[in-house]
Amino acid sequence: MRELSSIDALPTSSYRYLLDLDDDLGAELDLRMRLVARQVITVVVFATPTGDCDLTQSFAAVGGGPGLLVVDGALSVDVHVGDRTATEIVGEGDVLQPLTARADDMLERGSTWHVLVPARIALLDDTFAERVKPWPQISRTLLNRACARAADLDVQRAITSQPRLEVRLSLFLWHLAARWGHVEPGGIRLALPLTHRLLGRLVGAERPSVSHALTRLAHAGLVTSRDGALHLQGTVGEHLEALAHRTSARRGADEEPYSADTAFGA
């Protein structure tokens, strides 16, 4: 093992047993093999408080390993191309890798990270890759998670193709609720710190438009805000039915103006 002092990019870091942190990684191992693997597969784990987060040195420390594993918490990654920014939210179980340009890329791009919920991140570096070789089931699980993250991005892309912003927001909030939401009477509580600017980057809209769209959703009784969380009322089907009805009712007429300050804070 490397000395912790050599990993200057990882404040408040420590060595931990990976299978104690992420139980699902060992789901395919029988009890005997799991006990052996637990003692061998150790990783460096570091904490990240809320706010902007520079993962450059952490990614560099990965070397030839799989990447950075989010043990818990939530982060957003902003990808910048030209004067536009698209955002993805990642969390527990996701494997992160740096945004690297290919030799045939013709567009300049960059990325920045922001911690939404205090997180712990495990360094899956080249030494981890060597230690985990006797248990390919674990590597396969990590690969499956990477595929699942790509599939989630495909869903996000499909949602952002919806022409109506209210529909995009409703669908995307339900998409987030499947992972981060908590069931409550009448619907789902989503406690992620989602500003209007962040939501705009997630669904491809400007912040003022998001504010107006959220107010319309609130007036329709579909999405409300209280206690620092968003509350999705009813079901996805009920949202889509209500939004379709509102579209039919307003067809051929201008929509009434709404105040962006009525129900949601920016």
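1. By the ring-centre rule, the count here comes to one aromatic pair. That pair is F59 with W113, and the geometry is tilted: 6.1 Å centre to centre, with 50° between the planes. Keep in mind that we're looking at a predicted model.

2. The pair ties together distant parts of the chain. F59 sits in helix 3 (residues 56-62) and W113 in strand 7, 54 residues apart.

3. Are the two partners buried or exposed? F59 has a relative accessible area of 11%, so F59 counts as buried, the cut-off being under 20%. W113 comes out at 9%, so W113 is buried as well.

4. There's also a charge-over-ring contact to look at: the charged end of R38 sits over the ring of Y17, at 4.2 Å from the ring's centre.

5. On to helix 7, which spans residues 196-203 and is mostly covered, with six of its eight residues buried. Which ones are they? The buried set is H196, L198, L199, G200, L202 and V203.

6. One backbone detail to finish: just after helix 7, G204 takes a positive phi of about 75°.

Key. Residues are numbered from 1 along each chain as its sequence is written. This is a predicted model: local features need pLDDT of at least 70, side-chain atom pairs count only at pLDDT 80 or more; totals for chains, interfaces and linings use all residues. Side-chain values use heavy atoms; hydrogens and water are left out. Buried means under 20% relative accessible area, exposed over 50%, partly exposed in between (1.4 Å probe, protein chains only). Helices (H or I, at least four residues) and strands (E, at least two) are DSSP runs, numbered from the N terminus. Rings of Phe, Tyr and Trp (its six-membered ring) pair if their centres lie within 6.5 Å; planes under 30 degrees apart count as stacked, over 60 as edge-to-face and the rest as tilted. A charge sits over a ring if NZ of Lys or CZ of Arg is within 6 Å of the ring centre and within 35 degrees of the ring normal.
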